[in-house]
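Please look over this model before reading the points.

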Amino acid sequence: MRERQTGLEKPALQVGVDHDLCPGCGEPLALRMLLEAIEDVGCAQRAIGVVGIGCYTALAPLMDVDRIQALHGRAPSVATGAKRMRPDALLFTLQGDGDMVSEGLQEVIHTAARGEAITCVLLNNGVFGETGGHMTATTVLGQRTKNSLDGRDAAYHGHPILIGDLLAQLDGTAYAARASVHDAAGVAGAKRMLKRAFETQLRREGFSFVEILTMCPTGWFVGTAEGPGYLDRVLGSVHVTGELKREGRFVPTASLRARAAQPGGD
Amino acid sequence: MTRRLMEGSEAIAEAALAAGCRFFAGYPMTPFTELLEHFAKRLPETGGVCVNAESELEAIGMAWGALATGARAATGSTGQGLALMQESLSEITRAELPLVVFHMARGQGDYYQATRGGGHGDYRHLVYAPIDVAEAVALTQLAFDRADRWRNPVSIYGDYLLAHVAESVSIERLDFGPLPAKDWAVDGSLGGSGRARIVNPLGMETGVKGIDPDAFWKRLQAKHDEMARREARFDAEATDGAELLVVAFGTLARFARYAVRELRREGARVGLFRPITLWPFPVEALRRAAAGARRVAVLEMNAGQMIDDVRLAVLGDAPVVPIGGISSDPAGFGIGPLLDAERVRERIEGALAVEAA
């Protein structure tokens, strides 16, 4: 069996190398890309992160970046206040789908519409991971969670929100993209998108947004090794990856393109 | 500086600017609206920022972010909007951020809300209840100082009259002495140093996994206990030899003061006690003021809220009776018929008559 090097070297902006999240979780991977992207755009000494409440909150003490811990859903407003007082800082939020899309939807929408020069980063796994796998506003139809045991039913639970697509349509949004860390190419893509979002902010073009689909085998009730495949197949087919808006120009959304390609799509 | 005739809202905003407030965020609501208008006009003129928040939730969140960078910042609303802010207010107290909140209430029915709060967990914040515009100017500046000194939110309890009555005031920066450096604030510069800061309400520290809420909350309790011992403020007049002690706060206390002075001139043995801090309630001072009284009459424009604190202070040494009550205008803005010197005098005379009988 070949020996593999898997992230034993910690990013410069991380304190310590280990975390307490579940095996197979995609969030530490996304965090690593985030910290590396901050370094790559030369902002290690001018970044302020605003962290929401979810599993990833446990990662907050491990980040060697100035941080503000916010309430569940409220990070975009907190980042707004900080950015207005520190316009030269690189301001980003780190939020989950329960935090950003369920609890705090209006926060991120208003912040985008204002064209606030901050970058909101969404870790989207389609469940409340911290509570043990419950339905969020991004849970896809048919997805089983602890409070949608027979799968999310549109007629009963409503439809998922494709937040990246929604934010891309706002005039204040200059950059919006969706990545997925289910494979190496996706991980590299996440970092590339984060860098572009940060560069958008540094050029003061407006609001920037990166959504990263992450594995949550615990919250999906699948085996650890099945996580990446499940993410790509179940969430990735609805929350389609790709850039949605760049340099303020609307890109026909990946999700809409994917839907149009489906039988019966228009 | 010369004196100028100013509406309460303008005077409070100017006092905040004099205190170095650089950030404000708010959502319009009577009788808080004019305060937002003044900040929106004046902050950009003085190098600050005022954001028209999309709700009270965003308003307090934005103030939170501004405070975390070390700036003096404030928000406000009326009781209804403050109700929406309670979760953040409670957490900001735990994040130990020096927020100033302008609580421009619709009357006095928000006493519980201001002093007990509707947020989760154990938390406290200072509450100042100015009697007039001049005192509001001084207390606003004190609020920013005390917020920084204790690293704790401070609120100003005002109302429709305070917001809209114009009085002659002069606004100069007040000096309350040196403050500790804000060595906890974030500017982004410590990234990669191993000592990056984290402003948070959980007791987190960089490089330390997990939290210790038990020790953290006990430390905050000790701070709040110390604030309670040191920050109580009150005004008392004619309490020596008073058989009836009237207790009132804020705008209504101004009417009570007028009536009490009038009655004193006519020979009635009546005194007035006015808490300036609603939290901490001036318990010891009130107990002393009420020591010789045969009766304590609580004048407040609500169903009876401050009376709880008065009873806890007097501890049965004298009967404590309510002489106020709900009194509203048709719009519900808290400018009811009880805001009238004659009517207030009648209520006090009623309590005196019982005393005489």
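This is a predicted model: local features need pLDDT of at least 70, side-chain atom pairs count only at pLDDT 80 or more; totals for chains, interfaces and linings use all residues.

1. Residues are numbered from 1 along each chain as its sequence is written, with chains lettered from A and ligands numbered from 1 in the order in which they are written.

2. Chain B is assigned domain 1 (4-169) and domain 2 (235-356); the bounds come from an automatic or database domain assignment. Their C-alpha centres lie 26 Å apart. The contact takes 24 residues from domain 1 of chain B and 23 residues from domain 2 of chain B. Contact means C-beta atoms, placed from the backbone, within 7 Å.

3. The largest nonpolar core has 199 residues. Such a core is a set of buried Ala, Val, Leu, Ile, Met, Phe, Trp, Tyr and Cys residues joined through C-beta atoms within 7 Å. Buried means 20 or more other C-beta atoms within 10 Å of the residue's own, with C-beta atoms placed from the backbone. Both domains of chain B give residues to this core, so it lies between them. Ala63(B), Val246(B) and Ala256(B) have the most contacts inside the core.

4. Ala63(B) touches Gly81(A) as well as residues of chain B, including Phe23(B) and Leu99(B); residues up to four places away in sequence are not counted.

5. In α2(B), the buried residues are Leu35(B), Leu36(B), His38(B), Phe39(B) and Leu43(B). Helices are DSSP runs (H or I, at least four residues), and strands are E runs of at least two, numbered from the N terminus. Gly47(B) follows α2(B), with a positive phi near 85 degrees.

Terms used:
A residue is buried if 20 or more other C-beta atoms lie within 10 Å of its own, exposed if 12 or fewer, and partly exposed in between; C-beta atoms are placed from the backbone. Two residues are in contact if their C-beta atoms, placed from the backbone, lie within 7 Å.
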